[in-house]
Amino acid sequence: MKKYFKSLLLILFAHVCVISVHAQDAAANASTDVMRSNGKIYVVMAVVVTIVTGLFLYVYSIDKKISKLENK
Amino acid sequence: MIRKAWWKWVAFLLLIYTSIYGFIVKVPKLDDRLEHSIRNMFFHVPMWFAMMILLFVSVWYAAKYLRTTSPIDDFSSKAFAATGTLYGFLGLSTGAIWANYQWGSPWSGDPKQNGAAIAMLIYLAYFVLRGSMTDEDKRSRVASVYNIFAFFMLFPTLWILPRLTESLHPGGQGSEGNPGINGKDMDANMRSVFYPAVIGWTLLGVWVSTLKIRYEILKAK
């Protein structure tokens, strides 16, 4: 269960990274590029999602470390 | 319960939902200045909601400690107070960023700003008080009593005084709403992001607090 949880989190995180990288080398055709539409607000969204995901990964890793100590 | 994973997942999913849908959802145009910065409602305001909930849990455990004198209750009270205070400072600083663009300066001496700052100073004194005592029983007891005082100081500083004078925040004298938000500013779309955000940030605060409690318990062993 725990391994499953971690890998899912990592996949989500990787997904966010891929979106942001994709935004940088996307074609110049602005009308079909989601990340460049609407005043580039989606770039900010990707940043916020990355921060929230990173924060949760950090808290999760502390949680795991404490659980390990508790089980000793 | 505190080691279960499901509610941590709920916190994660709600906050991811907030930080995605919070940027997409259609917001009403309230005035020419506010524009899209009303989306701060999904990030700045939940800090205060979550802070109030966490500080309430803290005072709950403080009162419980005075009855049980169990060290775990004291750990809980301290951990929730710490997380609540952190949220309060995040609320103050995000508020200052927003105020800079909405009201023209980061700090305008608005009654709500002053009240929140005073409330935070009162909670900082709680940690100073704790740090000043070495005897554990005495520290826990005095801190619990002070915690109850600090919580009840939130009533005048956050909820009563800002209502009595004119304020830049909604809800001052002669304007609609409570001191935090004007309920009429939020349409159904915004509510569908705002409430999940409050729950998500609160659960994250609870998670961090439980980690602190578990750490203190381990340290005490």
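## Charged and polar pairs across the interface

Three salt bridges are counted between chain A and chain B. In one salt bridge, Glu70(A) pairs with Arg214(B), with the closest N and O atoms 3.1 Å apart. The model is predicted.

## The side of chain A

Two elements of chain A each give two or more residues to the side that touches chain B: α1 (2–24) and α2 (41–71). The largest share, 18 residues, comes from α2(A). By class, this side of chain A holds 18 nonpolar residues, two polar and two charged.

## Extent of the contact

Chain A puts 22 residues into the contact, and chain B puts in 18. Together the chains bury about 2,000 Å². Carbon and sulfur atoms account for 83% of that area.

## A helix pair inside chain B

Two packed helices are described by the angle between their axes and the distance between the axes. In chain B, helix α2 (residues 44–68) packs with helix α5 (residues 136–164). The angle is about 145 degrees, and the axes lie 9 Å apart. The crossing of α2(B) and α5(B) is left-handed.

On the α2(B) side, the contact residues include Met51(B), Met52(B), Leu55(B), Phe56(B) and Tyr65(B). Those on α5(B) include Asp137(B), Arg141(B), Ile148(B), Phe151(B) and Trp159(B). Sorted by class, the residues of this helix contact are 15 nonpolar, four polar and two charged.

Definitions and conventions:
Residues are numbered from 1 along each chain as its sequence is written. Chains are lettered from A and ligands numbered from 1 in the order in which they are written. This is a predicted model: local features need pLDDT of at least 70, side-chain atom pairs count only at pLDDT 80 or more; totals for chains, interfaces and linings use all residues. Side-chain values use heavy atoms; hydrogens and water are left out. Contact means heavy atoms within 4.5 Å. Buried area is the accessible area (1.4 Å probe) that two parts lose on being put together, summed over both. A salt bridge is a side-chain nitrogen of Lys or Arg within 4 Å of a carboxyl oxygen of Asp or Glu. Helices (H or I, at least four residues) and strands (E, at least two) are DSSP runs, numbered from the N terminus. Ala, Val, Leu, Ile, Met, Phe, Trp, Tyr, Cys and Pro count as nonpolar, Asp, Glu, Lys and Arg as charged, and the others, Gly among them, as polar. Axes are lines fitted to C-alpha atoms, for helices over the stretch in contact, and angles run from 0 to 180 degrees between N-to-C directions. A crossing is left-handed if the near helix is turned anticlockwise from the far one by less than a right angle, and right-handed if clockwise.
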